[in-house]
Amino acid sequence: MDEKPFFEFNMEKYRESQVDKLREFHKSYFDVDTILNTASELKFTNEIRNAIDREINNPSDEFVKYFARPIYPGRFNDVVMGQFRAIVKQAFVQYTNDYINERLKSAISADTVVENKVDKTEQGADVAATSDEAEKIEDNRIVTTEEELQGFYIVRSILYPEVDDINRVQYRDTMSYFGILLDDNNRKPICRLYFNSSNKYLETCNVEKWGQKHLLESLDDIYKYKDEIIAACKMY
């Protein structure tokens, strides 16, 4: 046995890719040959990820020179190394932030659905035009924040073991709240996030009591209401 495990899973902090890998150990998917074939790859991947993390947070001389040498023709003394070490570190932070923002924009454009959709079957064709105009006006004023998306993905992580397809858990952002639904259906609300003021709240729904708000000190507090969120999902 290796001294270091080839796979680690932290129940309180994990990535989506780790969930997919953990699934391989479920009895329905478990295959010894597959596990053995991926063990070495995972081991080396983890080591490389750790090395990248160390270099980004505290760049070594070799790492700094790799990026600085093509753009700086002079000698690398201690002063120059110190300057470029700070520049390289800052550049990686900026690149990471830009990358995350681009991914969030892509997710928003792909997933955002306006809350006040008009059900033409129920409302009738005579009010469709007016409702569509009002919908467009409200849509232009809605801004989905990064915190709301982070809250959405926390709720998804809670519900991951509870639904057959996690993509059934969707959201609809509105002017007053950020709604999280099952099957993108207003009749299947799971919870709502109120992040548009200084105080942040999670509103949970269940059969006995609708609209119960919980004050959140941080996004991690959402996990405190895991049972309520799961219970709401299971109602449908």
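Me: What should I know about the model and the numbering first?
Reply: It is predicted: local features need pLDDT of at least 70, side-chain atom pairs count only at pLDDT 80 or more, and totals for chains, interfaces and linings use all residues. Residues are numbered from 1 along each chain as its sequence is written, and side-chain values use heavy atoms, with hydrogens and water left out.

Me: How much space lies in the largest pocket?
Reply: About 2300 Å³. A pocket is an open set of points on a 1 Å grid over the protein atoms alone, where a 1.4 Å probe fits, with protein on both sides within 12 Å along at least five of seven lines; lining residues have an atom within 4 Å of a point. The volume is the space filled by probe spheres set on the points, which are joined across faces, edges and corners.

Me: Which residues are closest to its centre?
Reply: Of the 45 lining residues, Tyr14, Arg15, Glu16, Ser17 and Arg49.

Me: And which helix gives the most to that lining?
Reply: α2, with ten residues. Helices are DSSP runs (H or I, at least four residues), numbered from the N terminus.

Me: What is the volume of the second largest pocket?
Reply: About 510 Å³. Among its 18 lining residues, Met11, Tyr14, Ser157, Tyr160 and Pro161 are the closest to the centre.

Me: Where does the largest share of that lining come from?
Reply: From α1, which supplies three residues.

Me: Changing topic, is Leu36 buried or exposed?
Reply: Exposed, because its relative accessibility is 56% (exposed is over 50%, buried under 20%, partly exposed in between, with a 1.4 Å probe and protein chains only). Leu36 lies in α2, residues 32-57.

How values were computed
Helices (H or I, at least four residues) and strands (E, at least two) are DSSP runs, numbered from the N terminus.
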